[in-house]
Amino acid sequence: MKKVQTIVLKEWAEVFRNRMVLFSVIFLPLLMAAIPLAIIFASRGSMTSEQYGEMPAQVETFCSAELSSGECFQVYMVSQFMLMFMILPLAIPSTISAYSIIGEKTSRTLEPLLATPITTFELLAGKSLAALLPAIAATYLSFGIFSLGSWLLIPNPTVFAAMMDPRWLIAVFLVGPLLSLVSVNVSVMISSRVTDPRAAEQLTALLVVPLLAIFFGQFAGFFVINRELVLAGALFLLLIDAILIFLSTQVFQRETILTRWK
Amino acid sequence: MIQTENLTKQFGSTLAVERLTLTVEQGEVFGFLGPNGAGKTTTVRMLASLISPTQGRAIVNGFEVGKQDDQIRRSVGVLTETPGLYDNLSAEYNLRIFANLYEVRDPAGQVEKYLRMLGLWERRFEPTATFSKGMKQKLAIARALLHEPKVLFLDEPTAGLDPESARLVRDFIAELRREGRTIFLCTHNLDEADRLCDRIAVFKTRLLVVDTPERLRQRMFGRKVVFHLRNPDEIMVAKIAGLPFVSEARLVDGRLLVTLDDPESRNPEIVRQLVMDGAEIQFVGELRYSLEEVYLRLVRNDSVPADGAAFVLKNGVEKKK
């Protein structure tokens with residue numbers, strides 16, 4: 001455990017000196033919290049009861065009888081952007097692990113590291129946790145800022161409760177970390193094959209595409225993300241993570257990496 | 001301390017190391033010489049359990065490569081071709097990482113010991129990016145020593161260093177030898193190998209020769225004694241060449257060059273003969289070939305004469321005696 005901790009602390013000491021990584025860990029969560037808060041702020045009292053009937057049908061699924069049309073629209077808009085909180089656990093680990101693994105390649109620090117009695121599992125666990133923990137912390141922080149801000153901006157407790165629906169809590173607190181794990185493992189596998197941190201980062205960024213498809217799918221009214229769908233997604237990610245952890249330890253072959261990496 | 005038996009490494013169709021069999025004794029500084037791409041680094045990586053052999057066997061510090069890799073990694077220190085330091089981190093933190101990974105009992109104490117020993121203590125909190133090449137190399141050596149390994153693999157420890165830094169590193173290696181550590185030294189610096197190594201191996205995918213630097217010179221060139229004479233002439237040379245223990249005698253730039261096996265006991269007879277023939281002897285000295293000449297001949301010929309045999313030059317044609 002001490003070796004894993006050593007790797008985690010070493011990674012943080014190294015990667016957080018990189019401005020790009022700092023930007024993604026600090027600025028991105030603030031941005032993700034600010035956008036839905038701005039929507040809440042801008043849509044306060046902006047809709048009359050007459051306009052309610054003109055809203056798309058999918059909006060109605062977000063509304064209850066106690067909500068006015070304006071409040072209902074607020075809940076709908078913010079619910080759309082809740083999916084954006086899932087970008088953080090995908091994007092942040094890829095930025096960190098792209099630099100931490102390929103950084104070892106380019107600075108030729110991996111061979112001395114592999115010459116120590118560290119196991120491949122300890123090394124990968126250290127590197128994965130170093131990418132995973134800041135991503136989860138940033139997601140939770142971002143969601144915390146959003147929750148606090150919406151509590152301050154929304155006078156009606158029913159609206160606030162509708163926004164804090166359990167499906168979003170499951171998404172943020174369960175699906176988020178599972179998505180981070182997907183991102184880390186994909187980064188490890190990509191990093192084992194490419195030599196440029198930017199290439200690894202760009203390839204890992206493609207992971208966001210399915211998430212954007214879900215976002216636009218819900219936005220267009222093709223489907224509505226409910227609690228069952230979120231739980232099914234979490235189970236699916238759990239399975240994917242187990243497969244990816246196995247694959248990444250297989251791809252990370254000490255000998256191949258030492259003799260092939262130039 | 002290190003034993004290999006037919007150790008072989010193949011990468012696809014490329015044979016990097018072919019049937020390497022050698023033994024390195026405890027406390028020995030063993031030089032491993034060879035041209036670029038000869039397979040030296042691959043050999044070190046196999047012996048340090050970083051990569052596995054394709055065939056053959058190696059025992060390092062009593063542990064078998066491929067079977068007891070963890071024990072090998074705990075008991076050996078490796079200085080890789082490039083220092084491989086975390087440039088953004090301080091010298092002290094660089095060492096502390098490795099002290100933890102090697103599970104050193106007193107990490108802070110060991111880090112301080114080696115930083116002081118190598119003259120880096122005052123700059124311990126500075127990022128290594130600000131260090132000179134020599135300082136980085138010293139820090140990398142300190143990193144390899146933190147867990148007090150009995151066997152050290154040093155891959156080109158003085159490559160790219162200025163003469164002063166190289167001297168410092170060489171002195172430190174000599175100090176490590178005095179401590180009784182076994183050192184496996186890969187180097188291109190033949191003068192360094194000559195000065196530091198008890199034995200050297202010349203390697204080019206396969207082992208060409210292993211011996212002490214001195215015996216290698218004798219095996220490659222024989223022993224030669226130079227007599228500086230005030231009045232050399234061909235008759236004197238002919239008489240010396242006729243002595244039964246002399247392999248060859250010739251005049252080179254007015255100096256008499258004599259090849260023989262045992263100059264310590266035979267030189268007085270040669271001197272007597274020369275004086276009897278009226279020669280005025282100014283100086284007598286042994287002609288010493290550099291290890292570079294030995295090395296170049298070996299890697300170009302890919303072969304070595306058996307012990308006791310010597311190459312001699314007769315009429316400019318190289319012949320085996």
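**View 1. A salt bridge between A:Glu111 and B:Arg45.** In this predicted model, the closest N and O atoms of A:Glu111 and B:Arg45 sit 2.9 Å apart. For a salt bridge, the rule wants a side-chain nitrogen of Lys or Arg within 4 Å of a carboxyl oxygen of Asp or Glu, and it finds three of them across the interface of chain A and chain B. On the side of chain A that touches chain B, the elements giving two or more residues are helix H1 (2-15), H7 and helix H14 (254-260). H1(A) supplies the largest share, eight residues. Helices (H or I, at least four residues) and strands (E, at least two) are DSSP runs, numbered from the N terminus.

**View 2. The contact between chain A and chain B as a whole.** Chain A brings 25 residues and chain B brings 26, with contact meaning heavy atoms within 4.5 Å. The two chains bury about 2,500 Å² between them, and 62% of that is on carbon and sulfur atoms. Buried area here is the accessible area (1.4 Å probe) that two parts lose on being put together, summed over both. Seven residue pairs between the chains are in polar contact, both residues at pLDDT 80 or more. A polar contact is a pair of N or O atoms within 3.5 Å; within protein, one must be able to donate a hydrogen and the other to accept it, and residues adjacent in sequence count only if both atoms are side-chain atoms.

**View 3. B:His147 and the backbone of B:Val76.** B:His147 sits in the loop between H5 and E7 of chain B, and at 15% relative accessibility it counts as buried. Buried means under 20% relative accessible area, exposed over 50%, partly exposed in between (1.4 Å probe, protein chains only). The B:His147 side chain reaches the backbone oxygen of B:Val76 at 2.8 Å. Leaving aside neighbours within four places in sequence, B:His147 also touches other residues, including B:Arg73, B:Arg74, B:Tyr102 and B:Val104.

**View 4. Strand E6 (residues 76-79) of chain B beside strand E7 (residues 151-155).** B:Val76 and B:Val78 point one way from E6(B), B:Gly77 and B:Leu79 the other, and all are buried. E6(B) pairs with E7(B) in the parallel sense over four bridges; pairing takes at least two DSSP bridges. In E7(B), B:Val151 is the bridge partner of B:Val76.

**View 5. The buried face of helix H4 (residues 107-117) of chain B.** B:Gln110, B:Val111, B:Tyr114 and B:Leu115 are buried in H4(B). Seen down the axis, these residues fall within an arc of 125°, so they line one face of the helix; the arc is that of the directions from the helix axis to the C-beta atoms. Their cover includes helix H3 (91-101), helix H5 (133-145) and helix H6 (163-178) of chain B. Just after H4(B), B:Gly119 takes a positive phi of about 70°.

View 6. At 45% relative accessibility, A:Arg108 counts as partly exposed. B:Ser49 is buried, with a relative accessible area of 3%.

**Notes.** Residues are numbered from 1 along each chain as its sequence is written, while chains are lettered from A and ligands numbered from 1 in the order in which they are written. Local features need pLDDT of at least 70, side-chain atom pairs count only at pLDDT 80 or more, totals for chains, interfaces and linings use all residues, and side-chain values use heavy atoms, leaving out hydrogens and water.
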